[in-house]
Amino acid sequence: MKSFKSIIIQRIKLINTIAAALILVCGCNGYERNENQGEEASKALYILNEGSMGENNASLSCLNLESGNLSEDLYAPINGTPLGDVANDIIVTEKYIIIAINASNIIEFCSHNGKHIAGIEAVPACRKLAVDPAEKNLFVTSWANGGEVVKLDLENFSVKARVKVGYEPEGIAYYNGRLYVANSGGNAYLGDHGYEKSISVVDAASMREIKRVDTGMMNLYGAFVQNDKYPQYLLVNACGDYGANPAGSFIFDCENERLVESFNFPSTYAAVHEGIFYTMGSNYDWASNSFNWYIKTININASGSAQGSASVSISDGIISDELTGTIKSLISPYGIHIDNQGKVYLTDAVDYKNRGLLYRFDKEGRFIDKQIAGVCPGHFAEK
């Protein structure tokens with residue numbers, strides 16, 4: 001039998017084994033099931049629903065940004081099969097929607113309307129995705145083989161190279177010919193190794209690990225978001241060890257390969273818009289047997305030069321009291337995204353078993369609507 005502590009760790013690590021499920025059947029709470037399946041959209045927001053471990057119920061929802069209609073599952077109806085078991089990351093290129101399906105050990109490639117194109121099984125335990133600016137190569141972090149990054153050719157879907165990094169690598173970003181990889185050591189609670197504190201720096205062309213930067217913060221898992229206005233800066237979450245070393249987060253400067261500033265609050269889920277990070281973070285308080293939530297806005301004040309002259313300012317809340325209040329009211333906050341027009345999207349995983357909810361706000365943080373998404377809606381990509 002799993003210990004209570006291991007269950008809590010799995011909850012934080014987004015493995016969907018829950019110690020005590022909250023009973024909620026979304027279809028019985030006044031929400032309309034959306035039947036806009038497969039609606040074409042020139043501007044779309046894809047919501048990747050992770051699904052529950054072992055249930056093979058990951059799915060891909062699509063919000064038409066022009067009509068506001070949500071296709072509850074874009075993939076299964078057109079392909080006649082579910083997406084897979086535990087979807088972990090999504091990116092959209094000019095040609096493809098690319099999805100890492102962790103428990104199924106598949107990198108899925110489909111068209112923008114959800115039609116299957118290819119599936120690659122050469123990257124087991126796949127986690128997070130990045131592409132180079134030319135969209136010729138895909139880079140995938142994997143927990144297999146002691147922790148590695150795999151480079152795939154986007155022309156023929158073949159493996160070009162692999163490089164060893166730290167244990168259980170998570171977030172990955174491309175900047176100026178190099179890859180920056182967050183090592184978590186996420187399986188440390190099993191006792192095989194310790195938690196990681198480093199970011200691996202990898203030459204993307206040769207796939208050689210150049211160095212590891214010691215961040216001084218433990219278990220780099222969760223948000224790993226590249227700034228849209230100043231892409232040399234990353235927001236990185238650090239889960240800690242769920243004990244003596246608490247969760248936190250920091251800003252990392254890829255140009256100078258150093259930390260700019262660290263914070264004593266977690267940024268478990270985060271979005272970025274026009275240079276500003278918006279974060280929702282949680283850590284577990286063993287004394288009160290509950291999760292503490294931190295809702296923050298992190299503003300990068302940078303000259304745009306490569307000299308690392310950025311400063312950081314932090315404020316509580318996100319955009320409006322209404323939006324911040326909604327976050328506080330969610331049962332299980334699971335994702336945040338801000339689209340190119342400044343509209344804000346929140347997801348609630350509710351009980352991690354039934355379908356979750358998608359909340360939509362305008363750019364001033366005023367509530368628009370909420371709709372039903374899939375099970376554990378947690379990742380976003382925009383076309």
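Colleague: Which residues touch the most other members of the largest nonpolar core?

Modeller: First, the ground rules: this is a predicted model, local features need pLDDT of at least 70, side-chain atom pairs count only at pLDDT 80 or more, and totals for chains, interfaces and linings use all residues. Residues are numbered from 1 along each chain as its sequence is written, and side-chain values use heavy atoms, with hydrogens and water left out. A nonpolar core joins buried Ala, Val, Leu, Ile, Met, Phe, Trp, Tyr and Cys residues through side-chain atoms within 4.5 Å, buried being under 20% relative accessible area with a 1.4 Å probe, protein chains only. In this 24-residue core, the ones touching the most other members are M280, I318, I336 and L346.

Colleague: How are the rings of Y96 and F109 arranged, stacked or edge-to-face?

Modeller: Rings of Phe, Tyr and Trp (its six-membered ring) pair if their centres lie within 6.5 Å, and planes under 30 degrees apart count as stacked, over 60 as edge-to-face and the rest as tilted. Y96 and F109 are both buried. Their ring centres are 5.7 Å apart and their planes sit at 80 degrees, so the pair is edge-to-face.

Colleague: And what about F263 and F265, stacked or edge-to-face?

Modeller: Both of these Phe residues, F263 and F265, are buried. Their rings are 5.1 Å centre to centre with 10 degrees between the planes, which makes the F263 and F265 pair stacked.

Colleague: Which residues do ring pairs link into a cluster?

Modeller: The structure holds eleven aromatic pairs. Ring pairs make a cluster out of Y269, W293, Y334 and Y352.

Technical notes. Buried < 20%, exposed > 50% of the residue type's maximum accessible area, 1.4 Å probe, protein only.
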